[in-house]
Amino acid sequence: MNPHYDDLKHRIRDIYDIDCALRLLYWDQNTILPVHAASGRARQRATLQRMLEERFTDPEIGRLLDQLQPWADTLDSDSDAAGFLRIVRRKYDNKRRVPKEFIERRSRHLSDTYQAWTRARANDDFAAVLPYLERTLELGREYAAFFPEAEHILDPVLDLSDQGLTAANVQTLFADLRTALVPLVQAITVQPPPDDAFLQQPFDTGKQIAFARQLTQAFGFDYDAGYMAPTPHPFAIPVGPSDVRIAYRQGATKFDDVLFATLHEAGHGIYMQGIRPNLEVTRIEHWGGWLSTGVNESQARLWENLVGRSHGFWQHFYPRLQATFPGQLDDVPLDQFYRAVNKVTPSLIRVRADEVTYNLHIMIRFELEMALVEGRLALRDLPDAWRDAYQRYLGITPTDDKDGVLQDVHWYAIGIGGYFQSYTLGNILSAQFYDAAVAAHPEISAEIQHGQCTTLHRFLREHIYQHGSKYVLDEFTQRICGGSIDIQPYLRYLRTKYGALYHLDNV
């Protein structure tokens, strides 16, 4: 095509390989790393991060981009080459702003903070990790200073997760969503809750994982290109071409902690596996090549909730689940199981939250992040602020920090701000994308009732997965849904599903 383009792709491929090694070390750190190896791992990751930054900020990358600009101007905006050059230019310009020394220092700090968090959470000891978190907040402010044109301190990290997103956008979106959700939550929670006592008994983790493997294979996850292992906090990560790792919560026995959490992580993995091989080098954008964190989350929520918690899906798979747990589910009819796994009730734990209250957990975190970065809240007061927010939003209060301010890994492994809002964005987009799929293929619902997800998976692969990060978010939603991000399909989904479950009118 163009010798300068080939040269650039070769250089970016080398950077991508270093990034894969970094992600593999992260996977190992979060699954099987020996305790005494933590400090050495932090140094190794910092070294590789420095190498990656040095290669990506090499002036030769900039020179090649400049040489390619006249050629890029002649390309069809829909071409793979145009998408690749846009990604590299955006990444290069951002990285040239941020000193390599800062990146290495932050990487080492976050590795150390993650290890401190695992100990602090196990011991319910927020004070032990507080000094680390204070340094994390300082580093976040230092990073924002590299982007002085940003209107808000969180805007640079929000743009990293979901290009074009701002703190003002999120506040407006959350305000509109809160207005619609609060009456729905109130209408549901005044009713007697469905009987889910049978779900509170322990279910063998190994059997749940084996069953989850069957379900995720039905979704389309390829275990010849993927692997599962236990971890303190579930996640999914690609560590190379045709190599996606899923981590499920170790020692857990609840369906939400094992079965449904695995369906969620597999949704991420299916997206990562679906990116076209010739777009491999575009995976430098974000960790796995997904278009944005919100789009990535939309696929996890789509497979976990819109498919995995649907009545039609369990019409086919529930008899198999009963056979997997004989004696525990024999006397539980399908409709009771369906109501139980879709029970709406205020809860302390985000990852166990039902679909209706889930976004309130996200709003709490975003509200606290805004207060922290704007200096309105001191970190030492964060546990109390967390408890107050849960009382205001959900009417409940955690009795400890393990299930409070220490429950999520994000602030301790990624940073404060720029991530949680993507979960709600993912919920919204999941309904938009699912509606688009059903509009194109009305047979999808009937197929799911027979345990078949091939048509849905094919639509998502063709319209979302294969393109990786080739497009920008607003353009992407226009292509698939015919419009921008819109909360109405998501609200319609919630009102239809839970209106039927709880016999609601006009909510």
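This structure holds 32 aromatic pairs. It is a predicted model, so keep that in mind as you explore. Let's look at one of these ring pairs, then at a ring cluster and a pair of helices.

**One aromatic pair**
- A pair of aromatic rings is described by the distance of the centres and the angle of the planes.
- In the pair of Trp314 and Phe337, the ring centres are 5.0 Å apart and the planes stand at 70°; angles over 60 count as edge-to-face, so this pair is edge-to-face.
- Trp314 belongs to helix α12, while Phe337 sits in helix α13 (residues 334–341), so the pair ties together parts that are 23 residues apart in sequence.
- Are these two residues, Trp314 and Phe337, buried or exposed? Both of them are buried.

**The aromatic cluster**
- Trp314 and Phe337 also belong to one aromatic cluster.
- Other members of this cluster include Phe203, Phe211, Phe219, Phe313, Phe317 and Tyr318.

**Helices α9 and α12**
- Helix α9 (residues 205–219) and helix α12 (residues 311–324) have axes that come within 11 Å and cross at roughly 155°.
- Angles over 145 count as roughly antiparallel, and α9 and α12 are therefore roughly antiparallel to each other.
- Their crossing, that of α9 and α12, is right-handed.
- On the α9 side, the contact is made by Lys207, Phe211, Gln214, Leu215, Ala218 and Phe219.
- On the α12 side, the contact is made by Phe313, Trp314, Phe317, Arg320, Leu321 and Thr324.
- Sorted by class, the contact of α9 with α12 has eight nonpolar, two polar and two charged residues.

How values were computed
Residues are numbered from 1 along each chain as its sequence is written. This is a predicted model: local features need pLDDT of at least 70, side-chain atom pairs count only at pLDDT 80 or more; totals for chains, interfaces and linings use all residues. Side-chain values use heavy atoms; hydrogens and water are left out. Axes are lines fitted to C-alpha atoms, for helices over the stretch in contact, and angles run from 0 to 180 degrees between N-to-C directions. Helices (H or I, at least four residues) and strands (E, at least two) are DSSP runs, numbered from the N terminus. Angles under 35 degrees count as roughly parallel, over 145 as roughly antiparallel, 65 to 115 as roughly perpendicular and the rest as oblique. A crossing is left-handed if the near helix is turned anticlockwise from the far one by less than a right angle, and right-handed if clockwise. Contact means heavy atoms within 4.5 Å. Ala, Val, Leu, Ile, Met, Phe, Trp, Tyr, Cys and Pro count as nonpolar, Asp, Glu, Lys and Arg as charged, and the others, Gly among them, as polar. Rings of Phe, Tyr and Trp (its six-membered ring) pair if their centres lie within 6.5 Å; planes under 30 degrees apart count as stacked, over 60 as edge-to-face and the rest as tilted. Buried means under 20% relative accessible area, exposed over 50%, partly exposed in between (1.4 Å probe, protein chains only).
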